[in-house]
Amino acid sequence: MKVSIVIPAYNEEATIEEIIARVKAAALPTHLTKEIVIVNDGSKDRTGDILNRYSETKDFIIVHQQNQGKTGALLTGFKNATGDILLIQDADLEYDPNEYTKLLKPILDGQTQIVYGSRFLGRIKDMQPVNRAANLISNWTFSLIYGVRLTDINTCYKIFTRQVWEGMTITSRNFAFETEFTVKALRRGFNIIEIAIDYKARSREAGKKINWRTAMEMYWPIIKYRFTR
């Protein structure tokens, strides 16, 4: 069985080599193989040049495209992935690949086909109060209007089987993938299990891309998809 680790990357020259090294080194259960799919989403820095060094590396798939936002990069990554399980990994260092084994366990044990790594069940370091508040409001709103208790719908760590993804159409852009994917997975009858993870936020100076505009892009679909199909 193969796990495809899909990494969208936009202007991540400072961290891309380190996250690749961490993903390569991360242990998986013994019967799983690893495929790393990285989408360079129109980066304007040296990200593309760095990724070209891995283009001939075994079990690496490197895709370059014009900038389409995080959702567009993820869709490209899923299209090129060949694994039985898809795992989303950000290109920064906020999420630790050493969490993979425990995140995969509920799927491998047959408990579920979708796992989210929840920052709010685990330990959070250096998250700005405004970002914490935005996440908590989103989680509370989602749980209230959908009647499903989730503590971290905006987590990067979403792991799911190919069966979950097949036949799903995502129409959102930028960072709204998180909400649309969650809503559509639940509507198709899939159960989401959350596992506690550790999280270390980076600062705006270090490349953090979430701001109030992107936060609203993520929040509005919570309401939108409650009343539309």
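Colleague: Leaving aside its neighbours within four places in sequence, which residues is I197 in contact with?

Modeller: Contact here means heavy atoms within 4.5 Å, and, setting aside neighbours within four places, the partners of I197 are Y95, E99, K102, L103, G117, S118, R119, G122, R123, T155 and Y157. This is a predicted model, in which local features need pLDDT of at least 70 and side-chain atom pairs count only at pLDDT 80 or more, while totals for chains, interfaces and linings use all residues. Residues are numbered from 1 along each chain as its sequence is written, and side-chain values use heavy atoms, with hydrogens and water left out.

Colleague: Is I197 buried or exposed?

Modeller: I197 belongs to strand β7, residues 192-200, where helices (H or I, at least four residues) and strands (E, at least two) are DSSP runs numbered from the N terminus. Buried means under 20% relative accessible area, exposed over 50% and partly exposed in between, with a 1.4 Å probe and protein chains only. The relative accessible area of I197 is 0%, so this residue is buried.

Colleague: Which are the edge strands of the sheet?

Modeller: Two strands pair if DSSP finds at least two bridges between them, and the open sheet of 7 strands, with mixed pairing, has the order β3-β2-β1-β4-β6-β5-β7. The strands that each pair on one side only are β3 (60-65) and β7.

Colleague: What angle does helix α7 make with β6?

Modeller: The twist of the sheet averages 20° from one strand to the next; axes are lines fitted to C-alpha atoms, for helices over the stretch in contact, and angles run from 0 to 180 degrees between N-to-C directions. Helix α7 (residues 177-187) packs on the sheet, touching β4, β5 (114-125), β6 and β7, and its direction makes with that of β6 an angle of about 40°.

Colleague: How many residues apart are F160 and F181?

Modeller: Rings of Phe, Tyr and Trp (its six-membered ring) pair if their centres lie within 6.5 Å, with planes under 30 degrees apart counted as stacked, over 60 as edge-to-face and the rest as tilted; the whole structure holds 10 aromatic pairs. The rings of F160 and F181 have centres 4.6 Å apart and planes at 40°, so the pair is tilted. It links F160 in strand β6 with F181 in helix α7, and their separation is 21 residues.
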